[in-house]
Amino acid sequence: MRLLTRALALSIGLAALTRSPAFADALFDGGKLLATGGVSQVEGAGGGGLTSWAMITGYGTRDGIGANAHYTAVALPDYNLHTAGVAVGLFDRLELSYAWQGFDTQDVGGTLGLGRGFVFHQNIFGAKLKLVGDAVYDQDSWLPQIAAGVQHKENDRPAIIAAVGGKGSVGTDFYLAASKLFLAQSLLVDATLRETKANQFGILGFGGDKHDDYSTQFEGSAAYLFSRQFAAGVELRTKPSNLSIAHEGAAWDLFAAYFLNKNLSLTVAYADLGNIVIKNDQHGAYLSLQAGL
Amino acid sequence: MKRLAVLSLPLLLAVTAPALGADDSLYQDLGGQPGIDKIADASVDNYLADPRIKDIFSESNIDRIRAELKDQFCMIAGGPCRYTGHSMEAAHKGLHLTNANFNALVEDLQAAMETCCNIPFATQNRFLARLAPMQHQVVTR
């Protein structure tokens, strides 16, 4: 609930900020085509659900600014994951994001002696810089839009992380994303490489007793555009397996995103996050709401 | 070595190009010349009614724009026409169009294809894919 309250407060603040007409018109030009800013991925960057894309979030063109707030919930059999965040896209060049993530261990927390409903929190600060290409306009070229990004994560449970074999509660991911709209085929494709030490996205800290170096992980997604407002597709994200207490595998999802307009989108997905600590088969419903301009 | 792997990413995306054949299937799918004429007229109607961009046309000869757009759409769709108007650079020089202006033109064209002629979304996108690179010539600001 605390997360939801924060997300709502951020949205209202954003709406109030943009009520001033002259300011809003000049800066928040809302000039991008619908859906081309993507949605908010699980760590707060512009992208799909699990994957970070090369697109800069929001609907600002290179002459303007876009901004949004999002709330995401993933309901798994034994855990719940909530994320609330805000992001701004500056001149279709630089994206800055902040997300606050809570991972509720529910009954598992009791089993592990942490206490039922024990929650891990993460602050995630993100930045993404568009380097080259334009995913939408460059239909006469095979060059994708390429962006480099960073996500700095701070977990609030260093003692528990150390107890499960994690080496740190703070970590930084680096990624290089390539996204391309194959417009004639109505297909959006993304491939991202991520340098990371994160265990379960950082929820279980960074590095581990088994492996404590950065490793290169892959994120990929493909979405078919059914209409200007509706897209559906699949995503895959590999993760390192640094902890000896449990093997960590890849996550994937099947998603559908509906863009009501440039101010509101809803993403629903079936997400399979695999094994998380002592529980296998953590798959369930993913729901994400993004409001912005 | 890891950094090398990261740098080779664009190569991974070098997907095989679909043949942009010399066939006129897109022209036919847009309804041939009658369909394209309707799309061009509906687009211009939308432009002139769109507060975001209507002022761009305040000094223009609208009849000539309609005629040139019909020729141009026909040729780009692979139809048997020859566009003899100005180049994209020349036609938009001095207008100082922004990306937001360009995207407004795109949205109005999308709306036109839907309302005038019920062009399926996938067909709309085949057409838009051939128009999209014009952004490089049209947007000068």
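Guide: Helices (H or I, at least four residues) and strands (E, at least two) are taken here as DSSP runs, numbered from the N terminus. In these terms, the elements of chain B run α-α-α-α-α-α-α-α-α from the N terminus on, that is, nine helices and zero strands. This is a predicted model, in which local features need pLDDT of at least 70 and side-chain atom pairs count only at pLDDT 80 or more, while totals for chains, interfaces and linings use all residues. Residues are numbered from 1 along each chain as its sequence is written, chains are lettered from A, and ligands are numbered from 1 in the order in which they are written.

Burial is judged from C-beta atoms placed from the backbone: a residue is buried if 20 or more other C-beta atoms lie within 10 Å of its own, exposed if 12 or fewer, and partly exposed in between. Of the 141 residues in chain B, 28% are buried. Two residues are in contact if their C-beta atoms, placed from the backbone, lie within 7 Å. Among contacts in chain B between residues at least 6 apart in sequence, 76% join residues at least 24 apart.

Helix H4 of chain B, residues 32-49, has 18 residues. The expected span of a helix is 1.5 Å times one less than its number of residues; H4(B) reaches 26 Å from its first C-alpha to its last, close to the 26 Å expected. Its buried residues are B:Gly35, B:Ile36, B:Ile39, B:Ala40, B:Ser43, B:Val44, B:Asn46 and B:Tyr47. They lie on the same side of H4(B), because they cover an arc of only 165° around the axis; the arc is that of the directions from the helix axis to the C-beta atoms. An α-helix has 3.6 residues a turn, so residues three or four places apart point the same way. On the face of H4(B) turned away from the buried side are the exposed residues B:Pro34 and B:Ala49. The cover over the buried residues of H4(B) includes helix H5 (62-76) and H7 of chain B.

After H7(B) comes B:Asn118, with a positive phi near 50°.

The remaining matter is how chain B meets chain A. The contact takes 26 residues from chain B and 29 residues from chain A. On the side of chain B that touches chain A, at least two residues each come from helices H1 (2-7), H2 (9-12), H7 (99-117), H8 (121-131) and H9 (135-138) of chain B. H8(B) gives the most, with six residues. By class, this side of chain B holds 17 nonpolar, seven polar and two charged residues. Here Ala, Val, Leu, Ile, Met, Phe, Trp, Tyr, Cys and Pro count as nonpolar, Asp, Glu, Lys and Arg as charged, and the others, Gly among them, as polar.

Chain A, by contrast, has four helices and 16 strands. Its 293 residues include 52% that count as buried. Among contacts in chain A between residues at least 6 apart in sequence, 60% join residues at least 24 apart. The C-alpha atoms of chain A fill a box of roughly 55 × 40 × 30 Å along the principal axes.

The strands of chain A give a few points of reference; two strands pair if DSSP finds at least two bridges between them. Strand E9 (residues 170-182) of chain A pairs in the antiparallel sense with strand E7 (residues 145-155) of chain A over ten bridges, where A:Gly149 stands opposite A:Tyr175. E9(A) also pairs in the antiparallel sense with strand E10 (residues 187-196) of chain A over nine bridges, and A:Ala178 stands opposite A:Ala191. E9(A) and E10(A) form a hairpin with four residues between them, and A:Ser186 in the turn has a positive phi of about 55°.
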